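Here are my notes to go with the model you asked about. Keep the viewer open while you read, and take the points one at a time.

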Amino acid sequence: MPFPLAHCIHQVLAPDGKLVGAAPDLPADQLFAMYRWMVYGRLYSDRMVALQRQGRIGTFGPLNGQEAASVGLAWPLQPADWLVGSYRELLSYMVKGVSPLALAETYRGYVGDGYALDAHCLPYQIVLATQVLHAVGIAMGMQYDGKPDVVVGVCGDGATSEGDFNEALNFAGVFKAPIVFVVQNNGWAISVPRRQQTAAEYIAHRGPAFGMPGYVVDGNDVLAVYQVVQDAVARARAGDGPTLIEALTYRLGAHTTADDPKKYRLDDELGEWTARDPLPRFRTYLMNQNLLDPTADERLHEAIAAELQSLVETLEAQPPQDAADLFDLVYAERTPQLNRQRADLLAELGRE
Amino acid sequence: MPRMTLVEAVNHALAQELERDRRVRVFGEDVGKNGGVFRVTDGLQARFGEDRVFDTPLAESGIIGTAVGMAVYGLRPVAEIQFAGFTFVAFNQIVSQAARLRYRSGGLLSVPLVIRAPFGGGVRTPELHSDSVEALFMHAQGIKVVIPSSPYDAKGLLHAAVEDPDPVLFLEHMKLYRSFRQEVPSERYTLPLGQAAVAREGDAVSVFAYGAMLHVALQAAEQVAQEDGASVEVVDLRTISPLDEECIAQSVSKTGRAVVVHEAARAGGVGAEVIAVINERCLYSLLKPVERVTNPDMPFPLPSVEDTFLPNPARVAAAIRRTLEP
């Protein structure tokens, strides 16, 4: 067999923050930046949930617990690389260059035109697993152009049951596309546990089945995720084809603000994973390395909270979405039908 | 000017697109060495290489999903679905993704993708190979649906489809692939998407059809004209989404009578939309109720009964005559 099954879970930091593997060679400012994004993700998610509870935005899917996987998987990417994920990958998108405000706008019901095109992210996916095929198509385009660029395609454990996920792995394998698949296995697809998605021990075992290596990584260990994805990105960039990575993590919050996990999740499990929270783990490591101290950490939290406050103010100060503009987003040019329907709406609104 | 079948015209158009623009890539099941199960892509891989024209795994959703990615990246994919009946497997990728990405991205991204698929009855295919699925995609937003009825139109419309910045579903009727030849210019030309064409002028009744049914409509029109002396207009819709409402309204305003012919099932079909257009734009011109000649609302007919179910000239002629009754 060209690609052996993954037998161990790659880990650099133990849950208590102690170094148990070789740390990646990252300068202090990058380690701090990683931590900053992780804290930002947690606080952003909490703020968005609070806004939803106050009726100020629509349904939101918190990302709490997945900050290490989210940041680690995006960190190895260069500007020309693409990152394609679903609504759980908001923090990865921010790391890649999509503005947090643009993402918040979509949750306030605006069309998603705030994405920076040069961030190279597709609109976060709603119909799960479909995005992984788009990611493969982008990678096939890069390959066709002879570019040294790569794609990271991300989905959750639930999405791996979809046909599109398996078709994506298959196309990537057959065409040797420069792509890294990352599955954020957070244990739950809304209320359905991972063991009801697949009888396999690991999702990563599907890698060898599709002719590519499959790795399992501790998804709550940002350094381990970074390392595994970085290696896979290097392989893809060198023309050595795709890799499947399964990041074992946990959704500490609800699926979305419309979900109540108390209905299906055991307290024991939540407690067990709270003890493996990626944030304190990395914080302890940074403090042990003298890269962070409690005062600096407090200042960081305050700075981010202020940043989020200003983001919310900007978000809420925006004029409402102009319904008339939407008619221009269906085709490059409005069809005669859309022209008439737009005129009808404007007349009804007394605007023409 | 060369005389081409519809297969040859499409092949010719694809070759010219591949020649003209390196961003164009043609792919699907069996389109490479085999040249497609209908030979539509015959010789293209040999001429343009495996990078430009290639076979994919047998997975329709995979074909369209990767095509969406390539299109977003900046290529001009021309993907083949071997039979339109198999688009069901790729429905999500076509409707919620390819067609919708412009909207989902607030207009930042577009999907210039052509999906070619053969369809249509009368050629004794196995089940689900002949299905007329066009109305399903007519109801989707953000995709255009084009159905040529002749080699000349097929070439001009396909060039326009590849040029179009939005996804286009290009449905090729299997019965027309080799049924007749027509003079087709060798040079590249485009026919505008969204425009119907008057295939036969008349002033007593308008018959609307597309694909192979255009020819059934033309035969019926000729029969009624010869036997009853009635002047029958036949309109080839050519693009069913967006429909050429102007052309429909103009024709019916002139004739006051209308028949719609399609081989897809009736409910929620193209005929229903044509009638709605007539209702909205020229109801008071109507002298008689509009007739629909279609397959019944049942799965597409199996080969042993397709001649019974598919609209034929006699059935269309009878419908035309009903509209002409005083």
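Predicted model: local features only at pLDDT ≥ 70, side-chain atom pairs only at ≥ 80, totals over all residues.

**Notes on the two chains**

1. Now the make-up of chain B. You can count 12 helices and 14 strands in it. The C-alpha trace of chain B spans about 60 × 45 × 40 Å along its principal axes. As for burial, 59% of the 326 residues of chain B count as buried.

2. Chain B comes in two parts: domain 1 covers 3-183 and domain 2 covers 197-324. Their C-alpha centres lie 26 Å apart. Where the domains meet, domain 1 of chain B puts in 24 residues and domain 2 of chain B also puts in 24 residues.

3. Which elements of domain 1 give two or more residues to the side that touches domain 2 of chain B? They are helix 6 (134-138), strand 6 (144-146) and helix 7 (151-163) of chain B. Helix 6 of chain B gives the most, with four residues. Sorted by class, this side of domain 1 of chain B has nine nonpolar, eight polar and seven charged residues.

4. Next, the contact between the chains. It takes 33 residues from chain A and 35 residues from chain B. On the side of chain A that touches chain B, helix 5, helix 6 and helix 12 (336-348) of chain A each supply at least two residues. Helix 5 of chain A gives the most to that side, with 11 residues. By class, the chain A side has 20 nonpolar, nine polar and four charged residues.

5. A word on the inside. In soluble globular proteins, nonpolar side chains tend to be buried together. Here, the largest nonpolar core has 201 residues, and those with the most contacts inside it are I245(A), V207(B) and A217(B). Click on V207(B) and look around: leaving out residues up to four places away in sequence, the residues that V207(B) touches include A217(B), A221(B), V232(B), V259(B) and I320(B). One of its other contacts is a glutamate, E233(B).

6. Have a look at the backbone around P242(B) too. The peptide bond joining S241(B) and P242(B) is cis, with omega about 0°. P242(B) sits in the loop between strand 12 (239-241) and helix 9 (245-255) of chain B.

7. Finally, two spots in chain A where phi is positive in a residue other than glycine. For H120(A), phi is near 60°, and this residue lies in the loop between helix 4 (100-107) and helix 5 (130-144) of chain A. For K176(A), phi is near 55°, and K176(A) is found in the loop between helix 6 (163-175) and strand 4 (179-185) of chain A.

8. Are those two residues buried or exposed? H120(A) has 23 other C-beta atoms within 10 Å, and the cut-off for buried is 20 or more, so H120(A) is buried. K176(A) has 17 such atoms, which lies between that cut-off and the 12 or fewer of an exposed residue, so K176(A) is partly exposed.

How values were computed:
Residues numbered from 1 in each chain as written. Chains lettered and ligands numbered in written order. Domains from an automatic or database assignment. Contact = placed C-beta atoms within 7 Å. Nonpolar A, V, L, I, M, F, W, Y, C, P; charged D, E, K, R; others polar. Core = buried A, V, L, I, M, F, W, Y, C linked by C-beta atoms within 7 Å.
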